[in-house]
Amino acid sequence: MSLMNISLLGECVQVVQAKNITKIAGFSENGKLNAIVADIYIDGGATSGIVYGLYELQHQLDQGFYVPNWKINPYMAKTNKVPTTYCRGPGPTPAAAIIETILEHVAKEVKQHPILVKELNLYERHQTDLNGMVLTYCTMRDVWQRLKQVAQVEQRMAEVEEFNRGNLWKKKGITMCAAKYGMMTADTGFPCSVSVFAQDGTVTVVQSGVDMGQGLYTKVGPLFPDSFKLLLLCDP
């Protein structure tokens, strides 16, 4: 097993200000990850009030990749800076940057394309993730292969390699990323109102979620027509 020490200096994202991320990665000759030791220092400003961002960061470091052995050492630093706050994705965004950096470095060490090394380390069904959850219904590899085929990634990899051989100063690159995001619901659930109007049979669905581009209306819309055997006329 090979060991590699990686230091990532500078801010991963401005609102979290993750700095001095030192990582030791153990991997086999083909790039298969065996262990990761990560020391993460967070600049919390004068009040160090972004503990939740640190919690999310350390619990989502694996993203879409299986690592059998983890040791994560998070540190919150109180500094003389003005404290900041996070907006969206305080943990997953820097977490993705960290694991992607590790895999890119591993790929360079084993002299393989990063896409191939990432593919080798993808989660499989029934493996246990960083938080101890058994991924019984994991479709990560299925989705990866499907996207790789649809996007003609292997053909594009060859085109990029050919372009780089013929250009000394201008270079191109291509990669794929795998993300795993934890979902949770409130104990009381979220209210939903279904109204059926007797005059013309119109069904109106009002739900408490906020669609911010994740396709909430697209998912909720077909659910009720399928249940009630109705024609879908969506007007969000």
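**Figure 1. E124 and R141 form a salt bridge, with 3.3 Å between the closest N and O atoms.** A salt bridge here is a side-chain nitrogen of Lys or Arg within 4 Å of a carboxyl oxygen of Asp or Glu. The pair links distant parts of the chain, 17 residues apart: E124 is in the loop between α3 and α4, and R141 is in helix α4. E124 is partly exposed at 36% relative accessible area, and R141 is partly exposed at 25%. Buried means under 20% relative accessible area, exposed over 50%, and partly exposed in between (1.4 Å probe, protein chains only). The model is predicted: local features need pLDDT of at least 70, side-chain atom pairs count only at pLDDT 80 or more, and totals for chains, interfaces and linings use all residues. Residues are numbered from 1 along each chain as its sequence is written, and side-chain values use heavy atoms, with hydrogens and water left out.

**Figure 2. K118 forms a salt bridge with E104, at 3.6 Å between the closest N and O atoms.** K118 lies in helix α3 and E104 in helix α2, so the pair ties together parts that are 14 residues apart in sequence. K118 is buried, with a relative accessible area of 0%, whereas E104 is partly exposed at 32%. Helices (H or I, at least four residues) and strands (E, at least two) are DSSP runs, numbered from the N terminus.

**Figure 3. D62, D129 and K180 are linked in a network of salt bridges.** The side chains of K180 and D62 meet at 3.2 Å, N to O. K180 is in the loop between α5 and β5 (192-196) and D62 in the loop between α1 and β4 (69-77), 118 residues apart. D62 is buried, with a relative accessible area of 1%.

**Figure 4. The largest nonpolar core has 33 residues.** Such a core is a set of buried Ala, Val, Leu, Ile, Met, Phe, Trp, Tyr and Cys residues joined through side-chain atoms within 4.5 Å. The residues with the most contacts inside this core are L33, I36, I40, L57, L61 and I102. Elements that each supply at least two residues include β2 (18-27), β3 (33-43) and α2 (92-110). Helix α2 gives the most, with 8 residues.

**Figure 5. The charged end of K172 sits over the ring of F163, 4.4 Å from its centre.** This requires NZ of Lys or CZ of Arg within 6 Å of the ring centre and within 35 degrees of the ring normal.
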